Amino acid sequence: MSNQYTKILIGSTFESYQKFHLITFAKIFESVVMRAIILLVLLFTSATMSAEDWGRTGHRVTGEIAQQHLSKKAKRAVKKILRGKSLAFVSTYGDDIKSDATYRQYGPWHYVNLDPDQQEYVASNAAPEGDIIQGIEKSMEALKDPSTSVEDQEFYLKMLVHLVGDLHQPLHAGRAEDKGGNDLQVRWFNQGTNIHRVWDSHMIDDFQMSYTELAANSAPLSKAEEREIAKGDVLDWLYESKALSDEVYASVEIGEKLGYSYSYEWFGVVREQLQKGGIRLAKLLNEIYQ
């Protein structure tokens, strides 16, 4: 075999080797890029979900407890307006419509911002569309008005169920500077999250009970204790949530890793708030449909 032929053969083999590895590298690079894109999409999806209130399970617990405390008249009215659906079933409606631009104006109804040293609610501080207090009041007014259309009765009843639940998540009476704790970054075990979402869903989800199980295992209360919880009005309940939000803010530091010990300390409060929300929602509905 001549030297020239040997050189050609070696050169051809080396060129094929290069092409093979370039193709292999390109495939690996493409796979890595695609995985990175998928990861970013999942992270973005997770971040956008963090703005949800109480989480679906929490809202359904409040709705289920409220259903159990309705008067006979209220039960009949609710069944008719919701066409047989339960309060638990419609309790997530306020979050479900967030993806529909038609309902964007109701976004500010889910919360109220109160400064740490603010002692009284000021209606004029709300967004032009209103806030959670004005949303609850508007919903109640519409439900009490006999001229309200059937469609609007259903809408405002669903919103009332949801908003009363939100009112009892303390960070819905949080601070504007961190969007009610949504910008206060912490870790839940090894997962990056924020303190708002810890209260919305992490503690509830990690307990691994359905909404019916959580509702059924609410603290046993006497009639006198239930009446005590139902005392006051929406503003009283707001101030209660605001005071609790101050405790929540004081309970964590930015970047802190939370887990079993945090849940052990605070999950009982979460359950108590869900129960209070249900009892108080029933009180409002019983008054509307008396």
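User: How do strands β1 and β2 pair, and over how many bridges?
Analyst: In this predicted model, β1 (residues 185-188) and β2 (residues 191-194) pair in the antiparallel sense, with four bridges between them. One of the residues involved is glutamine 185, whose bridge partner in β2 is asparagine 194.

User: What sits in the hairpin between the strands?
Analyst: Two residues lie between β1 and β2 in that hairpin, and phenylalanine 189 takes a positive phi near 55° there. Phenylalanine 189 is not a glycine.

User: Which other residue has a positive phi without being glycine?
Analyst: Arginine 83 is one, with phi near 55°. Arginine 83 is in the loop between α3 and α4.

User: And is Arg83 buried or exposed?
Analyst: Arginine 83 counts as exposed, because its relative accessibility is 59% and the cut-off for exposed is over 50%.

User: Back to the strands. What order do they take in the sheet?
Analyst: The sheet is open and has three strands in the order β2-β1-β3, with mixed pairing. β1 and β3 run parallel and are joined by two bridges. Arginine 187, for example, has lysine 257 as its bridge partner in β3.

User: Which strands stand at the edges?
Analyst: β2 and β3 (257-258) do. Each has a single partner strand, so one side of each has no neighbour in the sheet.

User: How many helices does the chain have?
Analyst: The protein chain has twelve helices, along with three strands.

User: Take α2. What span should it have, and why?
Analyst: Helix α2 (residues 55-68) has 14 residues, and at 1.5 Å a residue it should span 20 Å. The C-alpha atoms at its ends are 21 Å apart, which agrees.

User: Which residues of α2 are buried?
Analyst: Gly55, Gly58, His59, Val61, Thr62, Gly63, Ile65 and Ala66 are the buried residues of α2.

User: What do they pack against?
Analyst: The buried residues of α2 pack against α4 (87-90), α5 (93-96), α7 (150-167), α8 (195-207), α9 (211-216) and α12 (260-288).

User: Where do residues three or four places apart in a helix point?
Analyst: They point the same way, because an α-helix has 3.6 residues a turn.

User: OK, the core. Which residues touch the most other members of the largest nonpolar one?
Analyst: Ile136, Leu157, Leu160, Leu285 and Tyr289 do, in a core of 41 residues. The elements that contribute two or more residues to this core are α3 (72-81), α4, α6 (132-144), α7, α11 (234-250) and α12. Helix α7 gives the most, with nine residues.

User: What is Ile136 in contact with?
Analyst: Apart from neighbours within four places in sequence, isoleucine 136 is in contact with Leu160, Leu163, Val164, Leu167 and Val234. There is also a second, separate core of 27 residues, and its members include Leu171, Leu184, Met203 and Val248.

User: How much of the chain is buried?
Analyst: Of its 290 residues, 43% count as buried. The chain exposes about 16500 Å², and carbon and sulfur atoms supply 56% of that.

User: What share of the contacts join residues at least 24 apart?
Analyst: The share is 77%, taken among contacts between residues at least 6 apart in sequence.

User: Now the aromatics. How many pairs are there?
Analyst: The count comes to eleven aromatic pairs. Tyrosine 93 and phenylalanine 155 form an edge-to-face pair, 6.0 Å centre to centre with 80° between the planes. Tyrosine 93 is in helix α5 and phenylalanine 155 in helix α7, so the pair ties together parts 62 residues apart in sequence.

User: Are those two buried or exposed?
Analyst: Tyrosine 93 is buried, at 16% relative accessible area, and phenylalanine 155 also counts as buried, at 10%.

User: What about tyrosine 103 and tyrosine 106?
Analyst: Their ring centres are 6.4 Å apart and their planes are at 40°, so the pair is tilted. Tyrosine 103 is partly exposed at 26% relative accessible area, whereas tyrosine 106 counts as buried at 15%.

User: Which residues form a cluster with them?
Analyst: One aromatic cluster is made up of Tyr93, Tyr103, Tyr106, Trp109, Phe155 and Tyr156.

Definitions and conventions: Residues are numbered from 1 along each chain as its sequence is written. This is a predicted model: local features need pLDDT of at least 70, side-chain atom pairs count only at pLDDT 80 or more; totals for chains, interfaces and linings use all residues. Side-chain values use heavy atoms; hydrogens and water are left out. The expected span of a helix is 1.5 Å times one less than its number of residues. Buried means under 20% relative accessible area, exposed over 50%, partly exposed in between (1.4 Å probe, protein chains only). Contact means heavy atoms within 4.5 Å. A nonpolar core is a set of buried Ala, Val, Leu, Ile, Met, Phe, Trp, Tyr and Cys residues joined through side-chain atoms within 4.5 Å. Accessible areas come from the Shrake-Rupley method with a 1.4 Å probe; for residues, only the protein chains shown count as cover. Two strands pair if DSSP finds at least two bridges between them. Rings of Phe, Tyr and Trp (its six-membered ring) pair if their centres lie within 6.5 Å; planes under 30 degrees apart count as stacked, over 60 as edge-to-face and the rest as tilted.
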